[in-house]
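Welcome! Take a moment to look it over, then follow the topics below.

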Amino acid sequence: MNAKTGNQFGWAQLCASNVFIEFIDTTLRGCAQVMFQNNPLTGLLFFIAIFVGAYGEGSPAVAYGCVLGTIVATLTGLAMRDRKSWRAGLYGYNGCLVGAALPTFLVATPVAWACIVLGSIVSVIATVCIADILKTWKVAALTAPFVFTTWMILLASYAFTGLHSSGLPTPTLPQQLISEPGTIFGGGNVFVSMFNGISQVFLFSSLVGGIIFVIGLAVESLWAAIFALLGALLAIFTAAFLDASPHSIHAGLYAFSAVLTAIALGSTFNQPSWRVLTYTIVGVIFTVLVQGAMNTLLSPIGIPTLTMPFVLASWLFLVPNKDVMPAHRQ
C-alpha cells in the first residue's frame with residue numbers, strides 16, 4: 001500500500017513539474033474514461049488492449065485513430081475553463097471513440113483522418129453542449145457526444161464520395177431475425193463471447209483485448225471489473241434467451257452497451273450493494289432490448305447503433321436514481 005501510494009505521489013509530482021508529462025497523463029486518463037476510470041495506468045492498459053485487438057483483426061487504423069482522437073480531444077479540452085474535468089480526462093474519451101469508429105466504418109484515406117481530427121474537436125464541443133443541457137437532471141453526457149458526432153460523419157459519407165465506406169451496414173428495411181436452430185452462440189462459447197463484448201466497446205472483438213480491458217478496470221476499481229464481466233455475461237444470456245443472431249451474440253454486439261450500463265449503474269454513479277445490483281441487472285437487461293430496437297430503427301438508413309443503447313438506458317435509470325436509491329448515489 002505504501003509503495004503504491006509513493007509511486008502515485010511520485011508520478012503526480014512529475015506531472016505537476018512537466019507540462020508534457022501532464023498532457024500524456026491526461027491523455028491516458030481520457031482513454032480510461034471510456035469505461036469511467038480516472039487512472040493513467042488503466043488508460044495505458046486500454047491502449048495496449050486496443051492495439052492488440054485492432055492488429056488482431058487486421059485493422060491497425062482503429063488503434064492509431066484512437067490515439068489521434070484522444071490526443072486531439074485532449075488538446076481541444078485545454079480551451080475549456082473546467083481544468084479539473086480536463087485533468088480527469090473527461091474531454092478526451094469521446095474523441096477516443098470517434099477515432100476508433102471512423103476507421104472501422106470508413107476507408108482510412110486522408111479525408112477520413114481529417115474527419116477524425118474534426119470529429120474529435122466537435123466531440124469536445126458536443127460534450128460541453130450536452131452536459132449543459134443535462135445539468136438540470138444532474139446526469140452526465142456519457143458517450144452521447146461521440147455517438148452524435150460519429151453518426152453525422154457516417155451519414156455524410158453517403159453524400160460525399162470523398163468519404164469511402166468500408167464497413168457500414170447495408171441499408172435495409174427492418175425484418176424479423178430467425179435464429180439458427182440448434183446453436184446459441186454460433187459455434188463460440190460464453191467465455192470468449194463475454195470478453196468479445198467487453199472489447200466491442202472499442203468496436204472490435206478480441207479475447208485477449210477483452211482480458212486486458214478487465215485488468216485495466218481492476219487496476220482502478222475491482223467493482224468496475226466485476227460489473228463489466230457481469231454486464232457482458234447477462235447480456236449474452238438475455239440475447240440468447242430472446243433468440244438473437246448467434247453470430248452477433250458471439251461477436252459481442254449485444255454486450256458492449258450492456259457492459260457500459262453495468263459499470264455506470266453498478267459502480268460509477270452508485271455505491272455497490274444488493275439494491276444497486278438488482279437495479280443494475282434490470283438496467284442491463286433493458287439495454288439489450290434497446291440494442292435490438294435501435295438495430296431495427298437504424299437499419300433502413302445504414303448506420304450502426306454505436307453506444308446509443310447504453311446512453312438511452314443509462315439516462316433512463318440515472319435520472320430517477322436520486323429517488324430510487326438516494327443513499328447510494330455518488
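## A first look

Serine 193 is buried, because its relative accessible area is 0%, and buried means under 20%. This is a predicted model, so please read the values below as computed from that prediction.

**Serine 193 and its partner**

- Helix α9, which covers residues 190–199, is where you will find serine 193.
- Which residue does the side chain of serine 193 meet in a polar contact? The partner is the side chain of histidine 250, and the contact is 3.0 Å.

**Two loop residues with positive phi**

- Phenylalanine 36 sits in the loop between α2 (19–32) and α3 (40–56).
- Its phi angle is near 70°, and this positive value occurs in a residue other than glycine.
- Is phenylalanine 36 buried or exposed? Phenylalanine 36 counts as buried because its relative accessible area is 17%, and the cut-off for buried is under 20%.
- Leucine 203 belongs to the loop between α9 and α10, the latter spanning 207–220.
- For leucine 203, too, phi is positive, near 70°, in a residue that is not glycine.
- Leucine 203 has a relative accessibility of 16%, so it is classed as buried.

- Which residues make the nonpolar surface patch? They are Leu41, Leu44, Ile48, Val52, Phe191, Leu207, Val208, Ile211 and Ile215, and the patch has an area of about 710 Å².
- Two helices, α3 and α10, each contribute at least two residues to this nonpolar patch.
- Valine 52, one of the patch residues, lies in helix α3.
- Why is valine 52 called partly exposed? Its relative accessibility is 34%, which falls between the under 20% of buried residues and the over 50% of exposed ones.

- The protein is divided into domain 1, residues 14–168, and domain 2, residues 174–329.
- How many residues does each domain bring to the contact between them? Domain 1 gives 45 residues and domain 2 gives 40 residues.
- The C-alpha centres of domain 1 and domain 2 are 21 Å apart.

Definitions and conventions. Residues numbered from 1 in each chain as written. Predicted model: local features only at pLDDT ≥ 70, side-chain atom pairs only at ≥ 80, totals over all residues. Heavy atoms only, no water. Helix = DSSP H or I, 4+ residues; strand = E, 2+ residues; numbered from the N terminus. Buried < 20%, exposed > 50% of the residue type's maximum accessible area, 1.4 Å probe, protein only. Polar contact = N/O pair within 3.5 Å; in protein donor to acceptor, adjacent residues only side chain to side chain. Patch = residues over 30% accessible without salt bridge, like charges linked within 9 Å, V, L, I, M, F, W, Y side chains within 5 Å. Areas by Shrake-Rupley, 256 points an atom, 1.4 Å probe, with all protein chains shown as cover. Salt bridge = Lys/Arg side-chain N within 4 Å of Asp/Glu carboxyl O. Domains from an automatic or database assignment. Contact = heavy atoms within 4.5 Å.
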